[in-house]
Structure formats: C-alpha cells, structure tokens
Amino acid sequence: MNAPIRCRLLLRALREPAHLAELDLPTWDRLLPQASQAGLLSRLAMLADDLRLTGALPAPVQPHLEAARTIAERQRHAVHWEARKLDQALGPAGMPVLLLKGAAYVLGDLPPARGRLFADIDILVPKAQLGRAEARLMLHGWHASQHSDYDQRYYREWMHELPPMSHIRRQSHLDVHHDLLPETARLRTRPDLVIEASTPLPGHRCLRLPCLEDLVLHSATHLFHEGEWGHGLRDLTDLDALLRLGMARPGWWSDLRTRAETLNLGYPLALALRYCHWLLATPVPEPVLVSSRQGLPGPPWPLRDALFLRGFSLAHADCALPGSALAGFLLYVRAHALRMPLRLLLPHLLHKALEKRRSESP
Amino acid sequence: MRLGDLALTEVRRRLREGLPLSTGPFVFRISTRLPHVAENLHRLYADFPLAEGPFADFHVRVDAMPGPRRWLKPQAQFWLDATRPFQPLPRDQAYAMLEWGMNWCIAGNAHHYLMLHAAVLERNGHALIMPGDPGAGKSTLTAALMLDGWRLLSDELTLIGRRDGLLRGLARPVSLKNASIDVIRAHAPQAVLGDVARDTHKGTVSHLKPDPGSVARVREPAQPRWIVFPRWKADAPARLTPHSKAAAFLHLASHAFNYSLLGALGFKLTAGLMDTCDCWDFEYGSLPEALRVFRGLASA
C-alpha cells in the first residue's frame, strides 16, 4: 500500500520493523530525526530489540537507540512511582481512580507501553468526587501550576478536567479528568459507564484500568478531538497496538462497535480505524471499516482525509505536504470548535490572543 | 580531510548545504549562511576532521531570522533538525548560539553516557575533572591548562562511558567569559580566539581554539584520576586542600545532566569515579602559580 503522507520511511519502520535491518546509513540519517521528533525513536528501539535486530544495525545508529531506550525506561519507572504516590494520596478517599492513556498502558503492561514517552499522567475520577480528589492531591504535594483566574474558570466551568497540576517536589504533571470530553463539547459521552466497566489494578487501593474497548475509544477521542497533532502519529501507534491486542479476542470488533455506540463515540472510532488501517496497516476487517463510517455526520471523506493526513504529517517537517501548516491551524480551530460552542469559543480565543500580546510586549 | 585544509570560500559554500564536522564521538552536520559563523568555524575548528560517511548524529543550523526585523534588529535562530528549541538571539551572537546549541544537543540526547557538568583535561594518561560553579574560574583554568600542554577533552561536558567508566572527549573550543577573555589574552598572546559576542545572557563571550594535539587525540578515552573544585580569589596563594568524597559525589550528581535518568547506573558510575579519583578544593589567585601546582599533581 502506498503511504498517503511522506513519512514513508517512518511509517514503514513502524509497520514492518524487520525492515530496519536492511536500512543503510543515509536512510538512518533521515529516519532518526523523523522518529525522534515524532516521539517514536524509543518505540523503534524497542521494536528492534523485540526482533533481536539491534546488534545488526549500523554502529553509528546504536548509541541513539540506546539513549532513547534509556529515556523510555526511566519514564516507565517514573510512571510506576507516580502511580504508587497517587494510590497513596487517593486510596483513603475510597473513590475509583482510573488511569488513562500512557499510565494505563504502563501499569496494565499493555503493548503500547513499549518505548512510550510521556509528558504527563492522566486520571479519571467521578465528577461528584472531584473536589475531594483535588483536596487530597493538594495535601500530597500536587498543585495547580501557574494559572490565571481566567484559566481556572475556563477549566472548572467548561472543561473535562481540573487545571493541570504538578507535583511540588517531583515536578511531574498530572491531569485530573472527570469526563472524556469537555462539558461544553458537542459530543457527549458517559464517563460513569467507563468507570463502571473498569477493573481494579492488583496491588493498589484505588487505581483501576478502563476495559480495553474503553482504552481504544478514549485514545481515539483524545487524538481526534484535542488537536495535539505533534503527537498524532505516536497516538495512532498506540491505537494500532491496542487494536492488535483486542483482535485476539473472539467478538472483538462487534464488541468495540457496540461499546462505541453505548458511549456515543462512534465517530472518533471510525476515524481511528480508518487511519490505523491506512497508515499503519492495522488489520481491521473491511466490513468493520465500512460499517463504522455509516451514518456519520460531517464533510465528505476526501476533504476529511486531506485534513487529517496533514495532521499526521505534522510529525516532522520531512513529512509535510503542501498545506500542512494551514491544516495544523484548521485542526487547532476544529479542536476548539468541538470543545465549545461559538458563543463561548470566540470570547475565549480573543482573551487568549490579547493575553499573549500582553505577555509579549515589554 | 580537516576543515582547515579548505579555503574559507569553500567552507562557506559547503556550510550552505551542510558540513559534517566530527568532534569526538559525534558528527554535527552544520548549516549556515552567516559569513561570521563560517569564519569562526574555519578559524576555531581548523584541525577537526570532516566526517566521511553519510551519517550525522545531529543536524544543526544557525541562520538569520527572516522578516522585516532583519533591518532594524537582526536576529539569529538555532535549529536542531526542524525544531527551534530556543528564542532567537541578536545576530552577532549567532556563533555563540551555535556552540551552546551543540552543547544542548549532546546534553539532551547522549544518554548512552553519564554526562556531568564539568571540564575534563588529561596529562600522562590521567584525567582531571573540574566541576565548578559559574564564576569560579573553571574555564579560565581549563584554557590555561590546555595552553600549558594538558590535553583538552571538554570545557563543559564530562562524558563517562557506561560500560567502562572511561572519559570521552570532544576537544571543542573553550568558552571564555567576561574578564577571563583578557586574562587568557595576556597570559598567552599566541592563543587564537573567535569573535567576541557582547551582552549575551552569559555576558561577553569568546571561544578559544583547541590545540591541535587535543584534537588529534580526541578519540583516546581517558582514565579519571582527580576531581578538583577550583575557586579563583584575588591574591590567594595557589593551594590544594582535600575535598570530602561524599560532598564531591553529591555535587557531581546534582550538577549532572542525566544522573537520575540513568537510575542505578548513574549511581554506580559516579561511585566508581569516587573510587578512582582524589578530590581536592583548589584556590588560586594567579595562573602561573596554579599551573605549577597542576604540573606537580600530574608528575606525582
């Protein structure tokens, strides 16, 4: 299959890591920066390890893989440690605390954890318990990091999470969610059902993992609604790894579909399946692809593809297509437009623009 | 081929498309269109080999920022690959920015080493590691020791091999700041310095050309032998006093670039350093006297 974006090298390496053994040095010279900027170098290092290829790769490449592996290994440790601290802080409150995204993959020992890099830890707690969770976290050293009154209100009234917190000594970042999507978003889902279907994490008091279907749906929702396109390709590789894990279960595709309908997340799932299949050759059966896009609202597919493929191409300048920068802007606007209605969005963007101007002028 | 074997016009031409410069374990492919950056590279890196192969560890670029500002207040920007990790700086600081950017590339990526923030030099097979707070006179002393025949490994970055605990060198130019520029000029009039960049965030900065011997031997690993914490003090007699190993350990670990990132290995390597090194405080007021003390140390 022809990759529709120009990261052919990186996509091929992710799809068929065995092919890494055949790459010559000039190719590595282009691949390493692409993988590194996309946040995927440590994943490539792990893929090469899994296939026992590392020793066969050119000598100048090996230190880069070793360094990337070191960072990923360290972050894996740090995530375990943070999770333990969270469990200690929130355990006595008797509320369920779900790990989301990267932290869930690592603590659940799931395939996307291999060589994954982190910026923060995401958790989900019931909305009714949000105040207590925040109070307990503050007692244990987490605090909202540098936010104006405006930002506080933005998060607390409109968003699906508290203002991002960081730990006063460890400097680690924590996002405390009470929903998968903002309060003001057009699309609404059911966080209570996600909590209900979660399972306790052995050895912890309050930490829980969402079920596999919900991990897929949350990852897809995050990718296609939050507009963090610099990590787009990395998040897509997470989805690919989760889908491949699920496939081994009987009835996986229909369970996933049913779950998406229950949670009202059929749209992000359709996008995730389409682009996983297209870019990473995830073996999604054709009927599943077709049925997932039936009855979806929105623009015609060629237009949507043009936009999202450019979004993924933001992983690295080498991959850029004509119009990538414009697409990046449109995706940013889109993420905001999905997050809140125009009557809230326009004043918000105006406020942010003026704030930026004020901070830039001496 | 060495960079100095090429004429400046040729260096400038090649820098436009990217010139692969080999500095110890790393190859930097450097691009720039700025003439004064090319001149400084040509002068200070004359003895460095050009990398032969098709591979570079880091693709860096420093160039003028486009836009109408370039006529009013010209600025330069540093790129690692396609990213711009820093705020732009005034254009006459472009060469210093390239040097800082190259340090940043190593410090932020080369986690296959333990990286300490300290200068390293070697004499008679033994290496001297000099951590030092800003203003302690570390780079002045590093420059003077190199000019006195010590082999320069680095003025900022101590790279420790994770398998053998040996030190790897870069032999890149020594960054001199403020008064130390004139001190070194007065101490060694033959020393070759790069252009002086004023009003940088580190004050006035100029880089000293490494001696050809250090560059030629850059691939030789060195065995750590001494850790010395220098402190310059006006009119103080040069003298070494013992420094507690426990305190030295803590200082090195807390000033390292990736001590905690390496986890248990970081501890093991730093502890290994303490086992093989004598640790000293060193106070000095004049360079010739300081150099005598270090000659004594090396021949003891």
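A salt bridge is a side-chain nitrogen of Lys or Arg within 4 Å of a carboxyl oxygen of Asp or Glu. In this predicted model, Asp47(B) and Lys209(B) form such a pair. Their closest N and O atoms are 3.0 Å apart. That distance of 3.0 Å meets the criterion because the cut-off is 4 Å.

The domain assignment divides chain B into two parts. Domain 1 covers residues 3–109. Domain 2 covers residues 113–299. The centres of the two domains, taken over C-alpha atoms, are separated by 25 Å. Domain 1 of chain B brings 23 residues to the contact, and domain 2 of chain B brings 30 residues.

Together, domain 1 and domain 2 of chain B bury about 2300 Å². Carbon and sulfur atoms account for 62% of this buried area. Polar links also cross the interface. Three salt bridges are found between domain 1 and domain 2 of chain B. The interface of these domains also holds 10 residue pairs in polar contact, with both residues at pLDDT 80 or more.

Which elements of chain B each supply at least two residues of the side of domain 1 that touches domain 2? They are β1 (19–23), α2 (35–44) and α4 (94–109). The most comes from α4(B), which gives eight residues to this side of domain 1. By class, the side of domain 1 of chain B that touches domain 2 has 12 nonpolar residues. Seven polar and four charged residues are also found there.

Note on methods. Residues are numbered from 1 along each chain as its sequence is written. Chains are lettered from A and ligands numbered from 1 in the order in which they are written. This is a predicted model: local features need pLDDT of at least 70, side-chain atom pairs count only at pLDDT 80 or more; totals for chains, interfaces and linings use all residues. Side-chain values use heavy atoms; hydrogens and water are left out. Domain bounds come from an automatic or database domain assignment. Contact means heavy atoms within 4.5 Å. Buried area is the accessible area (1.4 Å probe) that two parts lose on being put together, summed over both. A polar contact is a pair of N or O atoms within 3.5 Å; within protein, one must be able to donate a hydrogen and the other to accept it, and residues adjacent in sequence count only if both atoms are side-chain atoms. Helices (H or I, at least four residues) and strands (E, at least two) are DSSP runs, numbered from the N terminus. Ala, Val, Leu, Ile, Met, Phe, Trp, Tyr, Cys and Pro count as nonpolar, Asp, Glu, Lys and Arg as charged, and the others, Gly among them, as polar.
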